[in-house]
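Dear colleague,

My notes on what was found in it follow directly after.

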Amino acid sequence: MKLNILLEHVDKGVNSHLLDIDVDIKGIATNSSLVRPNDIFVAIPGFRVDGHQFIDAAIQAGASVVVGEKDLKDLVVPYVRVSNSRLALAQMACQFYGNPSRNKIVIGITGTNGKTTTTYMLKYILENCGRSCSLFGTVQNVVNGKPLPSVNTTPDALELQKQIAMSEDEFIIMEVSSHGLSQYRVEGVEFDYCLFTNLDKEHLDYHKDMEAYFSVKASLFDQLKPNGLAIINQMDNWGKKLADLLTSKGYQVFLVGDQSYHDLQIIHLQSGISTVSFKGNQSVELSLNILGKHNILNASMAFLTALLIGIPQQKVVYALEKFPGVPGRFEMLQHPNGATVVIDYAHTADAFYQCLQTAREEGANRVFHVFGFRGDRDKEKRRDMVSVSKEISDVHILTLDDLNDVPYEEMEQALYALRDGGYVISDRTIAIKEVLEHAHKGDWVCITGKGAEDYQQKFRLPTASDKETVEFLFQQIDQETNGGFEPLH
């Protein structure tokens with residue numbers, strides 16, 4: 001692609017005379033080690049590493065043009081200075097790959113909790129009706145039926161545009177994180193449907209306050225196509241605010257809630273089963289294989305979206321009732337002694353409430369809760385999380401989550417400072433072992449925070465995830481004739 005075409009939508013206020021240079025660009029790179037001859041290298045000032053430090057290496061690797069934010073002179077290749085490298089990268093990536101989202105039906109789901117489950121539900125509904133779907137999200141990415149590893153909830157702009165262009169699927173379904181929005185990872189993506197699940201205290205180390213967090217989430221809806229539709233959870237107060245905002249801007253807004261004026265009314269709500277009614281249609285009973293009122297709400301969001309796409313109601317109901325769930329999202333395992341173990345990604349106060357309250361509503365004799373906090377992340381939400389756990393669970397055990405470069409001792413001290421009547425067992429695998437030893441038939445053990453993710457650091461047991469740890473310990477029980485655990489050495 002010619003340089004002037006590639007930079008057509010990039011800020012032309014700086015070095016605009018360079019845009020007329022007759023240069024053929026073969027590719028785009030942000031990592032100097034991935035540069036190939038005749039690539040354009042985009043230097044991005046990151047949170048830990050500044051890409052401007054690698055410009056010389058990129059040129060040596062064959063970069064024919066460099067884009068960056070700093071005032072640099074005397075480079076041996078043309079240098080285009082822009083005000084924001086991340087934005088410029090997204091605009092160039094969209095142009096380079098031919099605005100691929102325009103040729104797809106694109107569904108974006110944002111919110112604090114419920115994004116992953118809702119994306120999987122929608123994918124399941126559509127695929128059960130013979131429609132093909134690519135998926136981008138926290139657990140994994142799937143393009144043309146092939147799973148790909150997921151590094152971030154929302155891929156970077158270059159990778160996202162490339163994968164959308166490669167997709168032969170009819171639908172693109174993606175989780176859209178607040179980081180993805182604020183860092184322009186989805187810039188240039190045009191959406192047919194945008195969904196808002198809810199907003200809870202999260203990422204305030206990054207967004208500073210809830211209003212700023214909300215504003216970033218709301219910005220997704222500005223990327224709707226001219227006839228695009230907004231689907232909003234009206235049972236969330238931030239959802240009500242968003243619906244009012246979008247309506248005032250003239251967007252087509254559809255609401256999920258418990259009132260008769262809502263487009264999809266939840267008439268009866270309880271864990272695992274609900275009655276819903278789409279405007280103008282008879283009410284239907286919705287029964288899920290996965291528990292939790294929050295999952296009924298996720299299903300209702302997926303239900304309404306599928307109906308708006310044009311999927312017949314009976315097919316939507318059938319698919320949702322067969323939906324098997326998502327790895328690490330309220331994933332249930334049965335203890336050999338009859339206790340129930342739940343592995344969940346919950347990492348906010350509201351998500352804790354939904355997870356633990358579901359255990360209570362399912363008749364748990366006692367609720368044990370194992371959780372931790374990620375290092376170098378939002379500290380403001382931690383005390384609220386402990387308060388919810390203390391209120392609903394019988395026993396809460398604080399343990400390590402991802403350290404993220406925070407020293408072990410520092411994180412351990414934070415756990416002791418926050419435990420509020422709970423226990424601290426720093427080794428995550430031993431914390432799980434201890435609680436499984438004490439749980440009896442009829443008890444529920446909720447292990448939250450990691451979901452299906454692998455551990456970042458090594459613990460005492462030879463396991464790589466919460467589920468693997470639980471299954472490893474279950475095997476030990478089965479191997480012991482007395483039903484106890486083998487001693488650990």
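**The sheet and its helices**

In this predicted model, six strands are arranged as an open sheet of mixed pairing, in the order β16-β17-β21-β18-β19-β20. At its edges are β16 (331-334) and β20 (423-424), each of which pairs on one side only.

Within this sheet, strand β18 (residues 367-371) and strand β19 (residues 395-398) run parallel and are joined by 4 bridges.

Helix α13 (residues 382-392) lies across β18 and β19. Its direction is at about 150° to that of β19.

**Packing of α13 with α12**

How do α13 and helix α12 (residues 349-361) cross? Their axes come within 9 Å and cross at roughly 10°. Angles under 35 degrees count as roughly parallel, and α12 and α13 are therefore roughly parallel to each other. On the α12 side, the contact is made by Ala349, Phe352, Tyr353, Leu356, Gln357 and Arg360; α13 contributes Asp384, Met385, Val388, Ser389 and Ile392. By class, the residues of this contact between α12 and α13 comprise 7 nonpolar, 2 polar and 2 charged.

**Packing of α13 with α14**

Helix α14 (residues 408-418) packs with α13 at an angle of about 50°, and the axes of the two helices are 10 Å apart. The helices α13 and α14 are therefore oblique to each other, and α13 passes α14 in a right-handed crossing. From α13, the residues that make the contact are Arg382, Arg383 and Val386; from α14 they are Met411, Ala414, Ala417 and Leu418. The contact of α13 with α14 holds 5 nonpolar residues, no polar ones and 2 charged ones.

**Confidence of the model**

The protein chain has an average pLDDT of 91, and 94% of the residues score at least 70. Over residues 483-489, however, pLDDT stays under 50. For that stretch the model has 18 contacts beyond four places in sequence. Where pLDDT is low, the predicted coordinates should not be read in detail. I would ask you to keep this in mind when viewing that segment.

With kind regards

Terms used
Residues numbered from 1 in each chain as written. Predicted model: local features only at pLDDT ≥ 70, side-chain atom pairs only at ≥ 80, totals over all residues. Heavy atoms only, no water. pLDDT = per-residue confidence, 0-100. Contact = heavy atoms within 4.5 Å. Pairing = 2+ DSSP bridges. Axes fitted to C-alpha atoms, helices over the stretch in contact; angles between N-to-C directions. Parallel < 35°, antiparallel > 145°, perpendicular 65-115°, else oblique. Nonpolar A, V, L, I, M, F, W, Y, C, P; charged D, E, K, R; others polar. Left-handed = near helix turned anticlockwise from the far one by under 90°.
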